[in-house]
Amino acid sequence: EKMQELCKDMPGVSVEFEGHVPHIGVVKTGCQGICELGPLMRIEPLHYQYVKVQMDDCEEIFKRTVLNKEPVERLFYKKGEESFPTPDDIPFIAKQTRITLENCGRFDAESLDEYIASGGYSALSKALFDMSPRDVIDEVDKSGLRGRGGGGFPTGKKWKQVAAHTDVKEHYVVCNGDEGDPGAFMDGSVMEGDPYRLIEGMTIAAYAVSAQDGYIYVRAEYPLSVERLTHAMAQAEEKGLLGDNILGTDFCFHMHINRGAGAFVCGEGSALTASIEGDRGMPRVKPPRTVDQGLWAKPTVLNNVETFANVPGIVMKGADWFSTIGTEGSPGTKTFSITGSIENTGLIEVPMGTSLREMIYDIGGGIKGGGEFKAVQIGGPSGGCLTAEHLDVGLDFDSVKKYDAIMGSGGLVVMDENTCMVEVARFFMSFTQRESCGKCVPCREGTKRMLEILERIVDGKGVIEDLDTLEELAAMVKNMALCGLGKSAPLPVISTLKTFRNEYEEHILEHK
Ligand code: SF4
């Protein structure tokens with residue numbers, strides 16, 4: 001606002017940049033991902049990146065950089081003696097491979113024109129005019145894209161199963177933007193920073209599976225995502241890119257937004273569709289699967305934001321391009337939010353198979369204050385702990401499972417040597433226990449009993465036998481709970497008990 005005010009205060013100002021007289025003004029972009037360095041300001045076309053900008057800096061930036069093309073060096077990102085003038089120089093960004101986050105932080109997130117100018121909607125156009133719905137599905141299938149919401153189910157296979165229901169007229173495309181994991185904000189950044197990419201991806205999916213309506217289920221805490229998506233959908237409709245007769249074809253697709261009410265369990269597919277239908281968001285027994293009887297008991301493609309955001313690139317550049325990125329079993333990139341005891345917290349996108357070491361040290365700048373790495377919680381409250389021995393493991397859907405963890409949607413909480421792992425397990429268990437919908441006994445009662453034991457141990461009132469009971473309960477909940485929330489709720493306890501049992505014992509024995 002301050003910069004905008006300065007631009008307005010100097011009417012008639014005309015500044016030449018390489019022969020052009022550009023518009024001088026301020027646009028709000030989406031998140032650039034470097035949380036630690038904000039507030040950020042990027043000056044184009046000079047491509048300077050200023051970090052930690054304060055109100056008092058605005059006048060100097062305007063006079064020196066905007067009017068005279070001079071850098072304000074003190075606002076560049078610095079590490080030691082080194083100074084990094086452009087976003088592409090900053091290691092946090094330079095070491096990433098951005099596909100779904102490509103436009104975040106680069107464009108006005110409320111300008112469909114900018115999206116189109118950068119190549120946006122050419123994938124939809126290619127799909128509609130050069131490909132049959134089957135061709136689109138085959139391309140997505142061939143790319144090997146796996147659902148980024150956590151499960152890693154092959155996307156093309158899911159689409160094929162929905163499209164195969166030719167006897168049912170209504171098909172739906174639903175996007176899971178619920179993202180309830182503490183410490184995760186990847187999907188929110190895409191919805192806020194590049195809403196058009198998500199809408200284009202969903203529209204292509206709808207064309208592929210013959211869906212007429214699509215729903216985006218947005219987390220309650222993301223009002224800006226709702227605002228930007230609503231705006232983007234209205235613009236797309238106005239330009240004939242959404243709604244009836246898209247791009248003059250017979251294809252019609254209408255999109256709607258549903259706001260969640262803050263329940264973590266609504267990230268589970270059947271609870272999410274129940275919530276859209278107006279019922280209480282509770283998981284149901286499967287089968288029937290969502291692909292056969294999803295929203296309003298009709299065949300439904302349900303993918304998360306990141307999955308849909310990958311689709312335009314695959315359609316435009318082809319499956320072969322996509323499968324050269326990442327690993328053989330998990331092609332493409334993965335976005336992660338890195339938080340906790342790390343120098344540069346923020347949002348990153350890296351090829352699948354990138355090691356924790358690269359993410360934490362090369363991109364994240366290492367442990368805060370030069371501390372020692374102890375563990376990372378991957379996959380949110382339902383995930384598990386990876387430790388120093390896993391630092392060089394290439395992370396993908398299959399590799400993390402070997403270590404009692406899950407990729408989840410991509411939350412990484414980094415912990416240093418001062419973190420108490422029993423406290424960590426208690427924190428995550430208290431979260432999942434609170435979020436348990438209460439429908440099935442193993443989760444409703446099991447997580448409660450586990451939390452009681454963990455609290456007892458943290459309070460110094462535990463007994464050594466508690467550890468066996470914890471293990472028994474964890475196995476019972478994992479094997480018998482109805483939905484993914486319950487099945488994965490014990491994972492933080494299982495993995496910390498396996499690797500940091502001594503910490504549990506110390507809590508118990510030091511109070512004896
Ligand atoms: Fe509800 Fe938990 Fe059962 Fe899932 S596992 S249905 S969250 S009680």
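# Reading helices, a sheet and loops

Student: At what angle do helix α7 and α9 pack?

Tutor: Helix α7 (residues 155–163) packs with α9 at an angle of about 45 degrees. Their axes are 9 Å apart. Keep in mind that this is a predicted model.

Student: Which residues of α7 and α9 meet?

Tutor: From α7 come W159, V162 and A163. They meet A205, A208 and V209 in α9. The contact has 6 nonpolar residues, with no polar and no charged ones.

Student: Now the core. Which members of the largest nonpolar core touch the most others?

Tutor: I204, A205 and V209 do, in a core of 141 residues. Helix α9 (residues 195–209) gives the largest share of this core, 10 residues.

Student: What is I204 in contact with, beyond its neighbours in sequence?

Tutor: Leave aside residues within four places of I204. Its contacts are then A123, L124, A127, V136, V311, P312 and V315.

Student: On to the sheet. In what order do the 5 strands of the open sheet stand?

Tutor: Start with the general idea. Strands of a sheet pair through backbone hydrogen bonds, either parallel or antiparallel. Here the order is β10-β9-β13-β11-β12, and the pairing is mixed. Neighbouring strands are turned by 30 degrees against each other on average, direction ignored.

Student: Why is one side of β10 and of β12 left without a neighbour in the sheet?

Tutor: β10 (346–351) and β12 (384–387) stand at the edges.

Student: In which sense do β11 and β12 pair?

Tutor: Strand β11 (residues 373–378) pairs with β12 in the antiparallel sense, over 4 bridges. One place to look is I378, whose bridge partner in β12 is G384.

Student: Where does helix α20 pack?

Tutor: Helix α20 (residues 491–499) packs on the sheet and touches β11 and β12. Its direction makes about 30 degrees with that of β12. Helix α14 (residues 356–363) lies across β9 (333–340), β10, β11, β12 and β13 (411–416). It runs at about 135 degrees to β10.

Student: How many residues of α11 are buried?

Tutor: In α11 (residues 269–276), 7 of 8 are buried. They are G269, S270, A271, L272, T273, S275 and I276. Their cover includes β5 (172–177), β6 (213–218), β7 (254–259) and β8 (300–304). After α11 comes G278, with a positive phi near 100 degrees.

Student: How exposed is K286?

Tutor: A residue is buried with 20 or more other C-beta atoms within 10 Å, and exposed with 12 or fewer. K286 has 13, so it is partly exposed. K286 lies in the loop between α11 and β8. L482 is 196 residues away in sequence, yet 9.0 Å from K286 in space, C-alpha to C-alpha.

Student: Which peptide bond in that loop is cis?

Tutor: The bond from P287 to P288 is cis, with omega near 5 degrees. P288 is in the loop between α11 and β8. The bond from E44 to P45 is also cis, with omega near 5 degrees.

Student: What is the phi of S210?

Tutor: S210 is not a glycine, yet its phi is positive, about 60 degrees. S210 sits in the loop between α9 and β6.

Notes. Residues numbered from 1 in each chain as written. Predicted model: local features only at pLDDT ≥ 70, side-chain atom pairs only at ≥ 80, totals over all residues. Core = buried A, V, L, I, M, F, W, Y, C linked by C-beta atoms within 7 Å. Helix = DSSP H or I, 4+ residues; strand = E, 2+ residues; numbered from the N terminus. Contact = placed C-beta atoms within 7 Å. Pairing = 2+ DSSP bridges. Axes fitted to C-alpha atoms, helices over the stretch in contact; angles between N-to-C directions. Nonpolar A, V, L, I, M, F, W, Y, C, P; charged D, E, K, R; others polar.
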